[in-house]
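Student: I am new to this structure. Please take me through one part of it closely, the place where the chains meet.

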Amino acid sequence: MPEEKYIVETVNLVKRFGDVVALKGVNFKVRVNEIVGLVGDNGAGKSTLVKILAGVYAPTEGEIIIKGQRFKRLTPRKAYELGIVLVHQERTLSENHTIWRNIFMGRELTGPLGFLKISEMRERAQKLLKEIGLKAIPPDFPVKYLSGGYKQGVQITRALCFEADLVILDEPTIQLSLAEVQRVLEYVRELKKRGKSSIFISHNIYHVYPVADKFVILDRGRIVGEFLKKDLTPDDLSHIMISIARTGRVPPEYREINLISS
Amino acid sequence: MGKRSVLPKQLKTPYFTGITAKYKLQIAILAIFLMLWLIFFAINPSGFSNPYTYTAMFSVAPFTIIPALSLTYVIILGEIDLSFPSVMALGALVLTLTWKTFGPTPLGLLLALSAGLLAGLLNGILITKFQIPSLIATIGTMFLWRGFILVVTQGYGIPLGEYRGLPIYEMLVGRIGIIPVQIIWTVIIALVLWVILNFHKFGAYVYYTGDNRIAAKMLGINTDKVIISVYMIHGAIAAFAGVLATLEMATFWPALGEIYLMKSIASVIVGGTPVTGGIGTIFGTFIGGLILELIETGILAVGVTGFWIRLVHGLVIIIALIAQVLIRRSEMRRMRVVE
């Protein structure tokens with residue numbers, strides 16, 4: 001795979017909310033089949049950045065390049081059509097409805113006059129659930145009765161179903177039990193096996209470390225660090241994060257391996 | 001992976017295999033209806049074995065049930081509409097004036113339905129584009145349309161008796177044998193709305209918009225369009241119900257519709273559609289409406305004063321709501337998937 005092949009790229013992305021500048025010229029890239037761990041403190045701009053990629057927010061300045069196409073802004077539908085799926089902690093699910101309905105939500109298979117192809121959707125959902133390791137859950141099961149980890153599984157299955165190329169996981173492990181975290185990490189690995197790219201946002205570097213290929217550290221609207229996993233241990237990453245929180249800088253001993261020159 | 005995804009023991013229960021379990025709530029509502037019917041039948045067997053009792057009931061029940069059916073969509077969206085009684089009267093007025101001017105043609109019905117669509121469009125725009133809460137927005141339009149009707153009619157009724165017997169009249173509120181045609185319209189509307197809600201993409205979007213609007217938007221569903229469309233459909237259906245009510249009484253009354261406000265809302269609630277939105281059924285509303293109508297018919301048929309009607313309505317609404325809460329709670333306990 002050529003190195004310059006990016007699934008998504010942002011160019012000098014700026015986002016202002018009134019007087020608050022959430023992103024201050026962010027150049028963020030994700031390669032094909034890469035898992036990027038996007039980390040940073042509260043208010044660093046992680047969620048703002050991914051919401052721009054998912055079309056939820058429009059950037060104030062800058063550009064988004066997806067598969068070579070340049071955009072000034074996206075809409076959720078456009079992002080969806082371009083293969084970007086946002087997996088949120090329970091937020092993109094219609095809890096009262098069944099798993100199969102949730103998997104196809106917004107992209108229902110329909111026949112003439114817009115009638116739903118229910119049996120086809122159920123069957124496809126069942127097949128996909130099986131593939132991702134959720135084979136035991138019937139597709140007619142209402143999502144509200146699933147535990148947090150299973151819910152993430154449903155959202156990831158949805159991403160697979162739509163042949164998403166980039167899956168954005170916004171804090172997918174928050175409030176999950178240890179076993180459930182492992183389950184979600186399995187799903188993320190499964191996405192990689194299938195050639196997908198992911199952005200994994202987490203406060204907990206011990207959740208993101210095992211699956212990510214690269215770590216991008218945001219601090220107050222800027223990317224201050226970019227490290228390859230092979231250059232770091234989880235403790236190194238933790239050390240860097242604490243230092244950034246205190247001083248706003250990457251500690252000198254890590255500057256050589258930082259792909260962002262400061 | 002395989003080990004962790006072993007079927008949780010709750011899923012091994014035959015919950016989803018039995019049709020009775022899946023439709024527990026609807027069955028409970030139907031059971032309440034049948035129980036009430038049995039009680040009334042036991043008290044007054046001759047009244048309740050007389051087919052004309054049902055003719056009477058089914059000739060007026062549609063005016064509560066028809067608007068309640070489309071109101072179910074509104075409530076599934078997590079919204080409300082208080083303006084539909086005024087829209088019922090607006091539709092009826094448009095038909096009345098058109099017939100008085102151009103004669104009794106389908107044009108009157110067409111214009112009445114269009115008036116309903118426009119009234120719904122206004123509600124939808126106020127709620128989505130101006131983001132006025134539906135409760136407030138529809139209080140505004142409720143007064144607006146009622147005021148408009150009072151100004152136009154100066155508060156006077158308009159008789160329509162001269163059109164009785166005409167084919168168009170009979171097609172809307174005539175009788176087939178002893179069956180009032182309006183109950184057939186009610187069943188047709190219920191079936192169409194049921195099919196759309198359960199088997200059409202639009203119905204799915206109504207559910208998702210009500211259940212999780214943010215998610216629906218994020219997944220590319222145009223929720224504003226869904227909300228506006230639902231209010232327009234509801235407006236047209238309310239106008240149609242208004243036309244039926246007016247023709248049944250053979251007179252246009254400027255106060256038409258007001259008595260149906262609470263009854264229609266109660267039909268939806270008794271039918272198992274929670275005001276929180278996201279879920280709900282057309283079947284439930286249909287039976288909910290029949291329950292309220294049965295109570296009215298039953299109380300009059302057993303020979304006590306009509307003052308009892310509201311009291312029993314209140315009791316049945318409370319009982320139905322408690323039953324729903326209990327069913328949902330037991331389902332929650334039974335189904336929760338834990339690690």
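Tutor: The model is a predicted one. On the contact itself, chain A contributes 47 residues and chain B contributes 34 residues. Interface size is often expressed as the accessible area that is lost when the parts come together. Here chain B and chain A bury about 3700 Å² between them, and 61% of that area lies on carbon and sulfur atoms.

Which elements of chain B supply at least two residues each to the side that touches chain A? They are the helices α9 (181-199), α10 (201-211), α11 (213-218) and α15 (308-335). Of the elements of chain B, α10(B) gives the most to this side, with six residues. Sorted by class, the side of chain B that touches chain A holds 21 nonpolar, six polar and seven charged residues. Polar contacts do occur: 13 residue pairs between chain B and chain A are counted, with both residues at pLDDT 80 or more.

Helix α15 of chain B also supplies at least two residues to the lining of the second largest pocket, as does α2 (24-43) of chain B. This pocket has a volume of about 270 Å³. Among its 13 lining residues, those closest to the centre are B:Leu36, B:Ile39, B:Phe40, B:Val312 and B:Val316. The most comes from α2(B), with six residues. The lining has 13 nonpolar residues, no polar and no charged ones.

Key: Residues numbered from 1 in each chain as written. Chains lettered and ligands numbered in written order. Predicted model: local features only at pLDDT ≥ 70, side-chain atom pairs only at ≥ 80, totals over all residues. Heavy atoms only, no water. Contact = heavy atoms within 4.5 Å. Buried area = accessible area lost by both parts, 1.4 Å probe. Polar contact = N/O pair within 3.5 Å; in protein donor to acceptor, adjacent residues only side chain to side chain. Helix = DSSP H or I, 4+ residues; strand = E, 2+ residues; numbered from the N terminus. Nonpolar A, V, L, I, M, F, W, Y, C, P; charged D, E, K, R; others polar. 1 Å grid on protein atoms, 1.4 Å probe; cavity = no way out; pocket = protein on both sides within 12 Å on 5 of 7 lines; lining within 4 Å. Points joined across faces, edges and corners; volume = space filled by probe spheres on them.
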